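Dear colleague,

Please read them with the structure open beside you.

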Number of protein chains: 4
Amino acid sequence: MSLKELAMKLEDFAKARDWEKYHSPRNLLLAMIGEVGELSEIFQWRGEVEKGLPNWEESEKEHLGEELSDVLLYLIRLADICGIDLSHAATKKIAKNAIKYPPN
Amino acid sequence: MSLKELAMKLEDFAKARDWEKYHSPRNLLLAMIGEVGELSEIFQWRGEVEKGLPNWEESEKEHLGEELSDVLLYLIRLADICGIDLSHAATKKIAKNAIKYPPN
Amino acid sequence: MSLKELAMKLEDFAKARDWEKYHSPRNLLLAMIGEVGELSEIFQWRGEVEKGLPNWEESEKEHLGEELSDVLLYLIRLADICGIDLSHAATKKIAKNAIKYPPN
Amino acid sequence: MSLKELAMKLEDFAKARDWEKYHSPRNLLLAMIGEVGELSEIFQWRGEVEKGLPNWEESEKEHLGEELSDVLLYLIRLADICGIDLSHAATKKIAKNAIKYPPN
């Protein structure tokens, strides 16, 4: 699914629940940071974690997917409420990074 | 652009710069949190901010788009390195939220 | 209580529970970020909050005190594990800030 | 130095610079999160870090002390502006944790 489609889904979701009044930029930012905290908790007592999470239970990966999603969804909603086209901004940022850090 | 396409772009980007050795889950998580900090700095001394950022300079919106993108790109890369299909996880999370919070 | 006394209390606490093996710098940092997330959750849907929290319930202030403490305790423990004298560093930082930002 | 003394120093600091108008709870919280981001950046590309930071340069430890202090100072200021006695709250939280997690 595209970022734009997710943003539209989240707008519909908020409208259907009369949540738009809560979705100010700083409220959404703090909500996102709350989710970043939950994501960090998953990694906090593990020491270094290997790529692909070889020794994780399926339920732990499921939980991780949910916390990553929570951060993503608030991030998309925050961008949308601020009137930022996140897909466009991200593509531009990658291009800018490619100039700043030329390939080897 | 889809999340999957962005994940592939970021993988190519890391490979071309020999950065894969740095992209462990906890390294990427901390890098993402660094960007969350930069995003927070944009909002820190402003008091409440209105939707659509009516009084912001174009250059401030540009900067905001970059910081939102930095968080997004590390989040996508973190999910990818963990072997999580973020698009799938996000869609599932929205469906789960729709059950948890029924519309009015 | 001084920062030094709190650091010593936390070291004793960890020793008595055989938790020292978990208290690596990055584990503690991520644990602290988890608590920053919980602190943010308290403020997330409130819009602007007034100094002194005039309309907050006593139980909400209690909760806030606990989350602020959780961040503080992990921060003190992180500094201690890194061998940083936080009290000394903080005093120095205030002096440095006083030069950077001269009073009006 | 005690937490109370640091809180008083920070209040004087803000008053002398006419910064009190900026020191609302959510502004200070976001400023603290900005500093948490800078703290995370120090640890982001290092992989696991050993206690005591055996291989760190003196200048890196100095930098770490400054970022830890920045988080601490905003945390103390946030608590103070909220009317929370952080020293009291932290002592209570340790006592509560001691009951929740009895020693071995």
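Between chain B and chain C the count is zero salt bridges, a salt bridge being a side-chain nitrogen of Lys or Arg within 4 Å of a carboxyl oxygen of Asp or Glu. This is a predicted model, in which local features need pLDDT of at least 70 and side-chain atom pairs count only at pLDDT 80 or more, while totals for chains, interfaces and linings use all residues. Residues are numbered from 1 along each chain as its sequence is written, chains are lettered from A and ligands numbered from 1 in the order in which they are written, and side-chain values use heavy atoms, with hydrogens and water left out.

Seven residues from chain B and seven residues from chain C make up the contact (heavy atoms within 4.5 Å).

Over all chains, a search of the whole structure finds 36 salt bridges. One of them pairs A:Lys93 with B:Asp70, whose closest N and O atoms are 2.6 Å apart. A:Lys93 lies in helix H4 (residues 86-100) of chain A and B:Asp70 in helix H3 (residues 58-81) of chain B, so this pair joins two chains; helices here are DSSP runs (H or I, at least four residues), numbered from the N terminus. A:Lys93 is buried at 9% relative accessibility, and B:Asp70 is likewise buried at 9%, where buried means under 20% relative accessible area, exposed over 50% and partly exposed in between (1.4 Å probe, protein chains only).

In chain D, the side chains of D:Asp18 and D:Lys21 meet in a salt bridge at 3.3 Å, N to O; D:Asp18 is partly exposed at 44%, whereas D:Lys21 is exposed at 56%.
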